[in-house]
Amino acid sequence: MHSLFISDLHLCAQRPDTTRLFQAFIRHTAPAAEALYILGDLFEYWAGDDDLDTAFHLEITQTLRALAEHGTRVFIMHGNRDFLMRKELAAACHAQLLPDPVKLDLYGTPTLLSHGDALCTDDTAYQEFRRQVRDSTWQQQFLAIPLPQRKAQIEGLRAQSSAEKQHKSMDIMDVNLQAVHGILQAHAYPRLIHGHTHRPAHHVHHLDGHTCDRWVLGDWDTHANALRCDANSVRWENIPGAPAQTEHPLTLL
Ligand code: LP5
Ligand code: MN
């Protein structure tokens, strides 16, 4: 009995290699797990559930549905690029949407799951943007715009985000340590698994007399990784066909 965790796949029709890797992972690796948790940014971006019927999106939803029908439960969390996923998308994947953060009892170990962007509190421009677009009234208004216009706006935003990221330091775009400590304290010192920063690693936090493991998942643009948890261990899972530069992330004490 084990569960798998992945994030930041950024799937889109323009990245066929990543899509092939994802398909192989879902068909050959994921079926042995009792649950697959996708911790945000499954898609490069998600403009709304009325975009479900493109050939590419049907391919992805059918792949996840086949996994769920085989018996592996599929859980999907919002990322900063696909937080407009709603129940139609979840139904198409036979998946359950998870809130961010969410705490599980994972084979006896309390485990907190998050995408991770909310922990990047030094990135004040991003946090201000996040507050705006996570507002339900803003989302209702945005989803009322015709789909092609929404996609055009998102493409513009992607370009702006990429340009701004050139001028942000790596430190600013990482999680803030106080924010990490805050969430660990608020949830009674669980194990934490998150993605978003694209800096896969295993961190060990010593806090208030507790030891908390923080596992950061990698993105699938340059390599691909998955975390495997069972009752006795947590370890990186090999992904067949992953690019050669994919190495198991370091443990940082
Ligand atoms: O995604 P990634 O890792 O490359 O960068 C993120 C932050 N950028 C984003 C933007 C997304 O990548 C764009 C796609 C989102 C689709 C969402 C659909 C619905 C919204 C549509 C709105 C038109 O999340 C980046 C972080 C980085 O992570 C590291 O943490 O730095 O943040 C930015 O670059 C954001 C800028 O700093 C601020 C942008 C302000 C833009 C204001 C335009 C207003 C648009 C309307 C909003 C109300
Ligand atoms: Mn992200």
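A: On a 1 Å grid over the protein atoms alone, a pocket is an open set of points where a 1.4 Å probe fits, with protein on both sides within 12 Å along at least five of seven lines, and lining residues have an atom within 4 Å of a point. Grid points are joined across faces, edges and corners, and a volume is the space filled by probe spheres set on the points. This is a predicted model, where local features need pLDDT of at least 70, side-chain atom pairs count only at pLDDT 80 or more, and totals for chains, interfaces and linings use all residues. Residues are numbered from 1 along each chain as its sequence is written, chains are lettered from A and ligands numbered from 1 in the order in which they are written, and side-chain values use heavy atoms, with hydrogens and water left out.

Q: How much space lies in the largest pocket, and which residues are the closest to its centre?
A: Rolling a probe the size of a water molecule over the atoms shows where empty space is left. Here the largest pocket holds about 940 Å³. It is lined by 34 residues, and Asn 80, Tyr 126, Phe 129, Arg 158 and Ser 161 are the closest to its centre.

Q: Which residues coordinate the manganese ion (ligand 2)?
A: Look for donors, which are N, O and S atoms within 2.8 Å of the metal (3.2 Å for Na, K and Ca); water is not among the atoms, so sites may look incomplete. Asp 41 (OD), Asn 80 (OD1), His 115 (NE2) and His 196 (ND1) coordinate the ion at 2.1 to 2.3 Å. Asn 80 sits in the loop between β3 and α3, and His 196 in the loop between β7 and β8, so this pair ties together parts that are 116 residues apart in sequence. Both Asn 80 and His 196 are buried, meaning under 20% relative accessible area (1.4 Å probe, protein chains only).

Q: What covers the faces of β7: buried or exposed residues?
A: In a regular strand the side chains alternate between the two faces of the sheet. In β7, Arg 191 and Ile 193 lie on one side, Leu 192 and His 194 on the other, and all are buried.

Q: Which strands pair with β7?
A: Two strands pair if DSSP finds at least two bridges between them. Strand β6 runs parallel to β7, joined by 4 bridges, with Leu 112 opposite Leu 192. Strand β9 also pairs with β7 in the parallel sense, over 3 bridges, and His 194 has Val 216 as its bridge partner.

Methods: Helix = DSSP H or I, 4+ residues; strand = E, 2+ residues; numbered from the N terminus. Buried < 20%, exposed > 50% of the residue type's maximum accessible area, 1.4 Å probe, protein only.
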